[in-house]
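Thanks for making time. I will go through one structure, staying with how its elements pack and pair.

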There are 2 protein chains.
Amino acid sequence: MQRAPRPVVDGSSAGELDSDFSTAVTRLYRRLRAEKADDQIGDSHRAVLAHLVKDGPRTLRELSDHEHVTPPSMNQTVNALAEWGFVERRGDPDDGRKVILVATPIGAALIAETRRRRYAWLNAQLEALSVSERRLLSAATGIINRIADS
Amino acid sequence: MQRAPRPVVDGSSAGELDSDFSTAVTRLYRRLRAEKADDQIGDSHRAVLAHLVKDGPRTLRELSDHEHVTPPSMNQTVNALAEWGFVERRGDPDDGRKVILVATPIGAALIAETRRRRYAWLNAQLEALSVSERRLLSAATGIINRIADS
DNA sequence: TATTGTTATACTCTATAACTATA
DNA sequence: TATAGTTATAGAGTATAACAATA
């Protein structure tokens, strides 16, 4: 069997990147989740609430698209957030089918407080990087978001 | 209440990065999982099998440390892989307590085949990037792995 | 008919607690 | 006593299928 050609190893060819990059993202995701384990609110719930706080009210469909989960799945997440008093369901005056999800003041406060506490571990890792490495990660963050949204 | 100071916005300060970076990683993880959904083998199982194929035999503890999950959790993953014939359990001749997990030829073939098929979506996204953006992501991959391992 | 949201249900992954075997 | 692995069980998050209400 012929070996796959791998002339370039600096990451400038896409074939080199895919599995390495994918694996790295997956492993960091698990690590982040492990670090943030015993928090008030789970990771999925927090992501949705933070999105609502940051970017304003959204419909269920918009939320499920944004987080790349199915509408029923998002509905359960929203149910929990509503039960806890962190979001409110409001009808859309223009379209009776739609439901607008809005973060409550309590929800916004939770996100603010969580941000202060929650990223302690990651923040420490980032502090340990050089300035140029942080700039690099910052630039990578933009690219990663673009890929996630495409 | 006083606003948190945010003089630098180019990502060179760690405080800017934490939540943005964390959110980006989480969202890309979900997107990757959504893309890879109907595959022969789940994401967690694949990661373990790929690790064994790439880096050779490992003990259960080594695997659970590497993937940042608990040993019982990893044990279930390994049980499934063993049932499917993708890994084999072997005793350690030097330490009767240890079990060495080894990828079988079938397991290695699955990873090879999966690599060809599985990253189609991500690969297409990466192809669409410029060479310098790919270099940037490649460099970021190293940093991400370092953070995940620390 | 198509779209939005919802309910019911099941599956995957991971965790904690408790146990066995070996060092 | 400590460590490696395992079993039993539970919880979180997500998916699919089926349904209701509105456009």
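Start with helix H2 of chain A, residues 43–55, which lies across strands S1, S2 and S3 of chain A in this predicted model. The helix runs at about 85° to S3(A). Helix H4 of chain A, residues 71–83, also packs on the sheet, where H4(A) touches S2 and S3 of chain A. The direction of H4(A) makes about 110° with that of S2(A).

Now the sheet itself. In what order do the three strands of chain A come in the open sheet? The order is S1-S3-S2, and the pairing is antiparallel. Strand S1, 58–59, and strand S2, 87–91, of chain A are at the edges with a single partner strand each, so one side of each has no neighbour in the sheet. S2(A) is joined to strand S3 of chain A, residues 99–103, by five bridges, and the two run antiparallel. Within that pairing, Glu88(A) has Val102(A) in S3(A) as its bridge partner.

H2(A) has 13 residues, and the distance from its first C-alpha to its last is 18 Å, close to the 18 Å expected at 1.5 Å a residue. Which residues of H2(A) are buried? They are Asp43(A), His45(A), Arg46(A), Ala47(A), Val48(A), Leu49(A), Ala50(A), His51(A) and Leu52(A). Just after the helix comes Gly56(A), with a positive phi of about 90°.

Next, the helix pairs. H2(A) and H4(A) have their axes 10 Å apart and pack at an angle of about 80°. Angles of 65 to 115 degrees count as roughly perpendicular, and H2(A) and H4(A) are therefore roughly perpendicular to each other. On the H2(A) side the contact is made by Ser44(A), His45(A), Val48(A) and Leu49(A), and on the H4(A) side by Met74(A), Thr77(A), Ala80(A) and Leu81(A). By class, the residues of this contact of H2(A) with H4(A) are five nonpolar, three polar and no charged.

The contact of H3(A) with H4(A) divides into five nonpolar, two polar and two charged residues.

Along the sequence they follow the pattern α-α-β-α-α-β-β-α-α-α. Chain A has 150 residues, of which 45% count as buried. Among its contacts between residues at least 6 apart in sequence, 50% join residues at least 24 apart.

Last, the strands of chain B. Strand S1, residues 58–59, pairs with strand S3, residues 99–103, in the antiparallel sense over two bridges in chain B. Strand S2 of chain B, residues 87–91, is joined to S3(B) by five bridges, again running antiparallel. Which residue of S3(B) is the bridge partner of Arg89(B)? It is Leu101(B), and Arg58(B) stands opposite Leu101(B) as well.

Key
Residues numbered from 1 in each chain as written. Chains lettered and ligands numbered in written order. Predicted model: local features only at pLDDT ≥ 70, side-chain atom pairs only at ≥ 80, totals over all residues. Heavy atoms only, no water. Pairing = 2+ DSSP bridges. Helix = DSSP H or I, 4+ residues; strand = E, 2+ residues; numbered from the N terminus. Contact = heavy atoms within 4.5 Å. Axes fitted to C-alpha atoms, helices over the stretch in contact; angles between N-to-C directions. Expected span 1.5 Å × (residues − 1). Buried < 20%, exposed > 50% of the residue type's maximum accessible area, 1.4 Å probe, protein only. Parallel < 35°, antiparallel > 145°, perpendicular 65-115°, else oblique. Nonpolar A, V, L, I, M, F, W, Y, C, P; charged D, E, K, R; others polar.
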